[in-house]
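Thank you for making time for this today.

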Amino acid sequence: VKKLWENAEFMIKGYKALGFDIGATQTPIVPVIIGEDELCFRFWKELFDAGVYTNPVISPAVPQGMALLRTSYMATHSLEQLQRVLDIFEAAGKKLGII
């Protein structure tokens, strides 16, 4: 359980440092708020093609304009894996103008 929370905190801090909006999450399930549905799907595809799987969540599951990617972490993720995810998020986020 301790390792799970260390990994979650690493990712929460990492997303915030990169400039992503993660809302007020305090769990190992971290939402990355993208905004518009189409942009969310474009970002999801960039991540998927780079080997990172997330779950897109669009309206009506969330309010219009609040589409997000649901990410989740496990205690078995290594710091190297988590850093790779942050690096891929950063590249895709910059490419699409999200960050």
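Predicted model: local features only at pLDDT ≥ 70, side-chain atom pairs only at ≥ 80, totals over all residues.

Let me start with two helices: the axes of helix H2, residues 37-49, and helix H3, residues 79-95, come within 10 Å and cross at roughly 140 degrees. That angle makes H2 oblique to H3, since angles under 35 degrees count as roughly parallel, over 145 as roughly antiparallel, 65 to 115 as roughly perpendicular, and the rest as oblique.

Residues are numbered from 1 along each chain as its sequence is written, and side-chain values use heavy atoms, with hydrogens and water left out. As for the names, helices (H or I, at least four residues) and strands (E, at least two) are DSSP runs numbered from the N terminus, and the axes are lines fitted to C-alpha atoms, for helices over the stretch in contact, with angles running from 0 to 180 degrees between N-to-C directions.

Returning to the pair, H2 passes H3 in a right-handed crossing, a term used if the near helix is turned clockwise from the far one by less than a right angle, anticlockwise being left-handed. On the H2 side, Phe43, Glu46 and Leu47 meet Ile88, Phe89, Ala92, Gly93 and Lys95 in H3, where contact means heavy atoms within 4.5 Å. By class, this contact has five nonpolar, one polar and two charged residues; Ala, Val, Leu, Ile, Met, Phe, Trp, Tyr, Cys and Pro count as nonpolar, Asp, Glu, Lys and Arg as charged, and the others, Gly among them, as polar.

How does H1 pack against H3? Their axes are 10 Å apart and the angle is about 20 degrees, which makes H1 roughly parallel to H3. Here too the crossing of H1 past H3 is right-handed. The H1 residues Lys3, Asn7, Phe10, Met11, Gly14, Tyr15 and Leu18 meet Leu79, Leu82, Gln83, Val85, Leu86, Phe89 and Glu90 in H3, and by class that contact has nine nonpolar, three polar and two charged residues.

Within H1, which spans residues 2-18, Lys2 and Glu6 lie four residues apart, about one turn of the helix. Lys2 forms a salt bridge with Glu6, their closest N and O atoms being 3.8 Å apart, the term meaning a side-chain nitrogen of Lys or Arg within 4 Å of a carboxyl oxygen of Asp or Glu. The structure holds four salt bridges.

Now to the strands, which form an open sheet of three in the order E1-E3-E2, with antiparallel pairing; two strands pair if DSSP finds at least two bridges between them. The edge strands, each pairing on one side only, are E1 (29-35) and E2 (55-57), and the twist averages 25 degrees from one strand to the next. H2 packs on this sheet, touching E1, E2 and E3, and its direction makes about 35 degrees with that of E3.

E1 and E3 pair over six bridges, and Ile33 stands opposite Leu68 in E3. Three bridges join E2 to E3, residues 67-72; in E3, Leu68 is the bridge partner of Val57, and Leu69 is that of Pro56.

Finally, the loop between E2 and E3 holds Pro60, and the peptide bond from Ser59 to Pro60 is cis, with omega near 10 degrees.
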